[in-house]
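Biologist: I am new to this structure and would like a close look at a single part, the place where the chains meet. Could you take me through that part with care?

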Number of protein chains: 2
Amino acid sequence: MGVRVSSANSLAVEDLGSAAQRDRRKRILDATITLASQGGFDAVQMRAVAEQADVALGTLYRYFPSKIHLLVSALQREFERTEAIMRERPSEGDTAAERVINSLKRTTRGMQSDPQLTEALTRAFMFADGSVAAEIHQVGMLLTSMLTKAMHPEGHDKLTEEDVAIARVIGDVWLSALVGWVTGRTTAAETGQQIEVAVKLLLRD
Amino acid sequence: MGVRVSSANSLAVEDLGSAAQRDRRKRILDATITLASQGGFDAVQMRAVAEQADVALGTLYRYFPSKIHLLVSALQREFERTEAIMRERPSEGDTAAERVINSLKRTTRGMQSDPQLTEALTRAFMFADGSVAAEIHQVGMLLTSMLTKAMHPEGHDKLTEEDVAIARVIGDVWLSALVGWVTGRTTAAETGQQIEVAVKLLLRD
DNA sequence: TGGCGAACTGGAACGTGTTCCTATTTTAGA
DNA sequence: TCTAAAATAGGAACACGTTCCAGTTCGCCA
């Protein structure tokens with residue numbers, strides 16, 4: 001456990017030898033988050049990220065080969081943080097449906113408290129092509145794992161194929177709903193409803 | 001007098017008075033589809049579209065205020081064509097699940113026969129922001145309607161709230177699967193499975 | 001038919017993602 | 001410690017979406 005495939009594209013933390021490099025990487029991602037929080041996807045401009053991270057433009061591209069890689073990597077780091085919080089303090093509820101809905105609502109609420117950041121990260125995620133597959137896959141796994149844990153908090157031994165399939169479907173609906181929200185096509189309330197409906201359809205105990 | 005727009009920011013067919021204008025619009029969309037089929041999203045370059053449609057760049061932007069509007073409008077036209085075919089020759093099957101799966105597989109197969117075009121249109125759809133809401137909504141309605149018709153071919157009188165909710169969820173899964181496929185993260189076979197699993201979970205008669 | 005406003009043309013110009021190049025600094029190995 | 005290789009800085013250059021402008025053509029109507 002804990003082994004992560006280092007991407008062929010972005011430089012993952014494990015690939016970075018020196019502390020200075022790890023620090024550069026952190027500064028870059030911090031700058032990305034800051035700019036995204038302030039102005040969303042469009043405000044994350046490569047020159048601005050480089051300047052704020054105190055790094056040359058070429059170096060930025062050395063660490064992250066494109067804006068999309070950069071944002072998806074930032075998303076990955078944020079999501080890992082979220083997942084850690086979830087692990088520490090799992091959502092409570094009597095039924096699987098309740099726990100799943102609670103998990104997603106908590107996560108969604110967190111994202112809605114910083115709409116610009118969410119917009120930037122979600123856009124990047126949806127726009128990512130095959131060259132970002134490794135990073136995307138990581139995030140997808142985290143999401144599915146978060147959902148299956150909410151479904152079966154006792155342990156993962158009991159997980160059936162169907163459980164995983166259901167988690168995937170819920171994840172898909174959540175993503176679609178999120179895209180609708182960040183692109184201004186639906187409201188936060190509608191997003192919540194959309195997820196709730198899907199979960200209730202899929203998890204009728 | 002200023003330019004009238006119907007429900008969207010793009011110039012819809014109804015807004016175009018003269019036959020020459022309708023023809024220009026058609027030429028633009030044709031050029032878009034041609035270029036998209038050949039090289040996908042990246043190949044749909046505004047200068048290239050303008051040149052191939054034999055129209056000035058400024059005119060192109062007059063008809064479609066952005067590349068995203070252009071592509072989503074092209075998607076809309078294609079989808080209307082698909083929907084017409086479906087109406088003429090509905091999918092057969094004994095159960096709602098079978099018919100829905102057949103519909104989606106037929107549609108998906110059509111898209112997979114032109115991967116570049118599908119990539120271009122899907123990317124645009126997922127990247128579209130609030131300013132394209134009208135066009136997006138149109139497409140969403142077509143999709144939901146296609147699905148509910150497959151669920152209840154007899155007529156729409158019997159449609160319950162739940163039916164529509166289910167159709168929406170299936171649509172979400174289909175979109176997510178499509179994004180995975182066009183971005184090269186999943187194979188065509190996996191896409192089909194993903195949909196099949198979701199439909200079977202949601203439509204267990 | 002003449003004139004007027006809208007639409008169109010052709011192309012310059014700007015912003016931002018991305019690439020590339022040279023000089024300088026840092027790192028690793030002998 | 002010295003040196004070669006790798007990493008970084010700094011910045012020019014290019015591509016494509018988008019905007020803008022001056023001149024021309026088109027369509028309508030008095």
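Modeller: A residue is called buried here when its relative accessible area is under 20%, and in this predicted model both Phe127(A) and Phe41(B) are buried. The rings of Phe127(A) and Phe41(B) have centres 5.5 Å apart and planes at 80°, and because planes over 60 degrees apart count as edge-to-face, that is how this pair is classed. Since Phe127(A) belongs to helix H6 of chain A while Phe41(B) belongs to helix H1 (residues 19-43) of chain B, the pair joins two chains.

A further pair involves Phe41(A) and Phe127(B), which are both buried; their ring centres lie 5.6 Å apart with the planes at 80°, so this pair is edge-to-face. It crosses between chains, running from helix H1 (residues 19-43) of chain A to helix H6 (residues 115-127) of chain B. Ring pairs link Phe41(A), Phe127(A), Phe41(B) and Phe127(B) into a cluster.

Turning to the interface as a whole, the contact draws 26 residues from chain A and 26 residues from chain B, and the two chains bury about 2500 Å² between them, with 63% of that area on carbon and sulfur atoms. Across this interface the rule finds zero salt bridges, whereas eight residue pairs are in polar contact, both residues being at pLDDT 80 or more. On the side of chain A that touches chain B, the elements giving two or more residues are helices H6 (115-127), H7 (133-151), H8 (161-182) and H9 (188-202) of chain A, and the largest share, eight residues, comes from H8(A). The residues on that side of chain A divide into 16 nonpolar, four polar and six charged.

How values were computed. Residues are numbered from 1 along each chain as its sequence is written. Chains are lettered from A and ligands numbered from 1 in the order in which they are written. This is a predicted model: local features need pLDDT of at least 70, side-chain atom pairs count only at pLDDT 80 or more; totals for chains, interfaces and linings use all residues. Side-chain values use heavy atoms; hydrogens and water are left out. Contact means heavy atoms within 4.5 Å. Buried area is the accessible area (1.4 Å probe) that two parts lose on being put together, summed over both. A salt bridge is a side-chain nitrogen of Lys or Arg within 4 Å of a carboxyl oxygen of Asp or Glu. A polar contact is a pair of N or O atoms within 3.5 Å; within protein, one must be able to donate a hydrogen and the other to accept it, and residues adjacent in sequence count only if both atoms are side-chain atoms. Helices (H or I, at least four residues) and strands (E, at least two) are DSSP runs, numbered from the N terminus. Ala, Val, Leu, Ile, Met, Phe, Trp, Tyr, Cys and Pro count as nonpolar, Asp, Glu, Lys and Arg as charged, and the others, Gly among them, as polar. Rings of Phe, Tyr and Trp (its six-membered ring) pair if their centres lie within 6.5 Å; planes under 30 degrees apart count as stacked, over 60 as edge-to-face and the rest as tilted. Buried means under 20% relative accessible area, exposed over 50%, partly exposed in between (1.4 Å probe, protein chains only).
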